[in-house]
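Subject: Structure for your review

Dear colleague,

Please find below the structure that I am handing over to you. I would be grateful if you could read the notes that follow with the structure open beside them.

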Amino acid sequence: MIGPDTQHQPGQTWKAGALAKATGLTVRTLHHCDEIRLPAIERHLAGARHRAEMAGRLCTRLAALAAELAQHEHLSYQELFATVEEMIMDGTVHGTTGLLMYDDVAAAHEYIVQVFGLTSGQVWKSDDSFTEYGEVRAGEQVIGLHPAGGTTYRSPRSVNAVTGVTAISVDDVDAHYARTLASGATIVCEPVDRPYGIREYGASDPEGQIWWFQSPLG
């Protein structure tokens with residue numbers, strides 16, 4: 001993020017104003033990044049502990065499985081399937097958090113919850129009640145709403161272009177469409193059946209982020 005012409009010596013510390021100038025971000029955004037660092041670390045710590053617990057259980061099952069196979073004893077289908085299931089679940093990728101840029105995070109958060117029906121997550125505010133970061137959830141999926149700033153983090157509205165698309169799975173796409181339409185959302189595509197097995201529709205939020213909502217056909 002720091003430009004190539006910005007020199008930084010080992011051991012040098014940055015004041016907020018100087019760092020903001022070097023990176024193109026606002027001082028408020030830099031403070032926001034500092035404040036959300038601890039929640040992010042705590043979330044990763046919880047995930048690491050969960051993976052460690054899964055790995056411990058899997059090690060116990062595999063040790064018992066190896067011992068029984070070595071002794072040529074009968075292994076029940078239940079034990080075998082339970083062990084295979086944990087082996088499949090024990091991957092290195094366990095989830096993702098997408099980030100969308102907004103000029104007004106508070107307004108975007110309220111709109112997405114009320115109009116699109118996503119679940120409200122955590123919201124961080126500064127001492128002067130400025131919304132510095134927010135989260136919404138679609139099932140287990142977390143979507144972060146990040147404040148736009150500088151020349152790097154831009155809302156689609158500010159560049160007059162679509163910069164990304166978020167796809168959400170719902171139980172009944174037509175019922176969801178009816179709700180969204182009644183709430184006054186801007187529809188970019190009416191519900192349509194796709195040849196690859198889904199029915200979906202598209203909508204735009206007030207800052208130009210595009211959202212697709214979809215359900216499997218049949």
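In this predicted model, four strands form an open sheet in the order E1-E4-E3-E2, and their pairing is mixed. Strand E1 (97-102) and strand E2 (119-125) are the edge strands, each pairing on one side only. On average, neighbouring strands of this sheet are turned by 20° against each other, direction ignored.

Strand E3 (residues 131-138) and strand E4 (residues 141-147) are an antiparallel pair, with five bridges between them. Helix H4 (residues 105-115) lies across E1, E2, E3 and E4, and runs at about 20° to E3.

There is also an open sheet of four strands in the order E5-E8-E7-E6, again with mixed pairing. Its edge strands, each pairing on one side only, are strand E5 (165-169) and strand E6 (186-193). From one strand to the next, the twist averages 15°.

Which way do E5 and strand E8 run relative to each other, parallel or antiparallel? E5 and strand E8 (residues 210-216) run parallel and are joined by five bridges. Ile 168 stands opposite Phe 213 in E8. Finally, helix H6 (residues 173-182) lies across E6, strand E7 (198-204) and E8, at about 15° to E7.

Yours sincerely,

A colleague

How values were computed:
Residues numbered from 1 in each chain as written. Predicted model: local features only at pLDDT ≥ 70, side-chain atom pairs only at ≥ 80, totals over all residues. Heavy atoms only, no water. Pairing = 2+ DSSP bridges. Helix = DSSP H or I, 4+ residues; strand = E, 2+ residues; numbered from the N terminus. Axes fitted to C-alpha atoms, helices over the stretch in contact; angles between N-to-C directions. Contact = heavy atoms within 4.5 Å.
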